[in-house]
Amino acid sequence: MKRAVAVIGAGPAGLTLANLIQQSGIDCVVLERGSRTHVETRPRAGVLEHRSVTMLESHGLADRLLMEADRHGTCEFRVNGQAFQVAYSDLYDDRLHYVYPQQEVVKDLIAAFLDAGGDIRFSVSDVELRDLTSSHPTVDWTSADGVREAVTADFVAGCDGFHGVSRPSIPEGVLTEFTHQHGIEWLAILAEAPPSTKAIIYALHADGFAGHMLRSPTVSRFYLQVPVGTKASDWSDEQVWEALHKRFALHDSNWALTEGKIIEKRVLDMRSHVVEPMSYGRLYLLGDAAHIITPVGAKGMNLAMNDAATLSRALTEFYATGSETGLKTYSDDCLRRVWRAQEFSQWMVNMIHTDVSSPFFGRLAQARLEHLAESPAYRATFAENYVGP
Ligand code: APR
């Protein structure tokens, strides 16, 4: 089979790209390891920035999102039993965060792509990339029925996440890898509990960070900072609730945490990782295949979508005019935003965590939060980075 673009992976990066280029009349095939049900029900990230929503909307891909997503423009910090809020939307052009689970984004993007005649192959295995530096790279895979198939394309888009096959297909020595282990991990909890707050809560406590994120009227997401090497099974449900109550506790307030049935408990890898450049020959890396960011600051899905929009513009320009300018600058264009986000996320990691082995950093975090509580200029900078320029 021949296609202009072979897209590997049907996450936010691959599906956004596939929709955008299909709208420009560029044909592609999407190869996805999981089943449709699997990718449409896998809970992952859940926050879209204003600019991601605007981009999706301009391509007619945000109808359900705009109807159903919760809008947030304020977040709350807790430190030393005191709470303060930052109305980041008021501080930055009324821009909002849209809380809309990644699996819903994926559902919408799959439906839009298929409705417009798109070609997705689910449940494929043994994907292999060949001849990436030639003008016609090839991708082989085994279909759900066990048949070995191949596509010859002009370009390959590696959107297959951190553990995918695209990045490892690049010969050793080509990519420079930047990795940072933050020395902390998060226990991520999903509970059938209505939210106990209207605004996301970030709490700094001597025992470690606790977060209360919003998902839906009946389900809430919580995070607990845990020592590196912790297994989810090390924490009983009772211990989880006890720690959440303790770390969120406020002096002089009748605020209460609503408990519910815990439906998911897993430890998140808090690694940061970036590869440069984000391309090799005719292979372009997008999203988690090229960069992993901590969940702090909720940038992951937004960076993936920005990569997709950037590559779509470059490919559209290439097929319309033959110009390779956008393709040549793709990596640098994406990396500027990736590093800005990494810098912010790292800054925020340092503000809301305590290093149990080095209390000095806990005090620095406290000082940073106090600065944020007191200084309008500091809050304005936070708002610009948090909700996105
Ligand atoms: N062959 C085909 N598909 C693959 C392969 C493979 N070898 N390996 C992985 N995949 C698929 C996965 O099943 C997944 O559906 O690639 C897709 C990658 O999707 P994501 O991991 O969601 O990555 P991406 O699209 O880059 O989105 C990044 O997801 O969870 C987040 O925080 C992250 O929000 C960020 C976003």
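**Close-up views of the predicted model**

**View 1. The buried residues of helix 3 pack against strand 3 (47-49), helix 4 (63-68), strand 7 (97-99), helix 8 and helix 11 (376-387).** The model is predicted: local features need pLDDT of at least 70, side-chain atom pairs count only at pLDDT 80 or more, and totals for chains, interfaces and linings use all residues. Residue numbers start from 1 along each chain, as its sequence is written. Helices (H or I, at least four residues) and strands (E, at least two) are DSSP runs numbered from the N terminus. Helix 3 covers residues 50-58, and its buried residues are His 50, Ser 52, Val 53, Met 55 and Leu 56. A residue is buried if 20 or more other C-beta atoms, placed from the backbone, lie within 10 Å of its own; with 12 or fewer it is exposed, and in between it is partly exposed. Packing here rests on contacts, in which the C-beta atoms of two residues, placed from the backbone, lie within 7 Å. After helix 3 comes Gly 60, with a positive phi near 70°.

**View 2. The whole chain contains 11 helices and 21 strands.** Its radius of gyration, taken over C-alpha atoms, is 22 Å, close to the 21 Å that the globule rule gives for 389 residues, so the chain is as compact as a globular protein of that length. The globule rule is 2.2 Å times the number of residues to the power 0.38. Along the principal axes, the C-alpha atoms fill a box of roughly 65 × 45 × 45 Å. Of the 389 residues, 45% are buried. Among contacts between residues at least 6 apart in sequence, 71% join residues at least 24 apart.

**View 3. Helix 1 (residues 12-23) is largely enclosed by the rest of the structure, because 11 of its 12 residues are buried.** The buried residues run from Pro 12 to Gln 22 and include Leu 15, Leu 17, Leu 20 and Ile 21. Among the elements that cover them are strand 1 (2-8), strand 2 (28-31), helix 6 (102-115), strand 11 (148-158) and helix 8 (300-321). The end C-alpha atoms of helix 1 are 17 Å apart, which agrees with the 16 Å that 12 residues should span at 1.5 Å a residue. The expected span is 1.5 Å times one less than the number of residues. Gly 25, which follows helix 1, has a positive phi near 80°.

**View 4. The ligand is surrounded by 28 residues.** The closest are Gly 9, Gly 11, Gly 161, Gly 287 and Gly 300. Helix 1 and helix 8 are the elements that give two or more residues to the shell. By type, the shell has 14 nonpolar, 9 polar and 5 charged residues. Ala, Val, Leu, Ile, Met, Phe, Trp, Tyr, Cys and Pro count as nonpolar, Asp, Glu, Lys and Arg as charged, and the others, Gly among them, as polar.

**View 5. Helix 7 (residues 237-248) reaches 17 Å from its first C-alpha to its last.** Ala 243, Leu 244, Arg 247 and Phe 248 are buried in helix 7. Seen down the axis, these buried residues fall within an arc of 115°, so they line one face of the helix. The arc is that of the directions from the helix axis to the C-beta atoms. The face turned away from the buried side carries the exposed residues Glu 238, Gln 239 and Glu 242. The buried residues pack against strand 5 (75-79), strand 14 (200-204), strand 15 (210-214) and strand 16 (220-226).

**View 6. Ser 220 lies in strand 16.** Ser 220 is buried, with 23 other C-beta atoms within 10 Å. Leaving out residues up to four places away in sequence, Ser 220 touches Ala 191, Ala 193, Pro 195, His 212, Leu 214 and Arg 215.

View 7. The peptide bond from Glu 276 to Pro 277 is cis, with omega near -10°, and Pro 277 sits in the loop between strand 18 (271-276) and strand 19 (279-280). Ser 123, in the loop between strand 8 (119-121) and strand 9 (125-130), has a positive phi near 55° although it is a residue other than glycine. Ser 123 is partly exposed, with 15 other C-beta atoms within 10 Å. Ala 298, in the loop between strand 21 (291-292) and helix 8, is not a glycine either and has a positive phi of about 55°. Ala 298 counts as buried, with 22 C-beta neighbours inside 10 Å.

Key. A residue is near a molecule or strand if its C-beta atom, placed from the backbone, lies within 6 Å of it.
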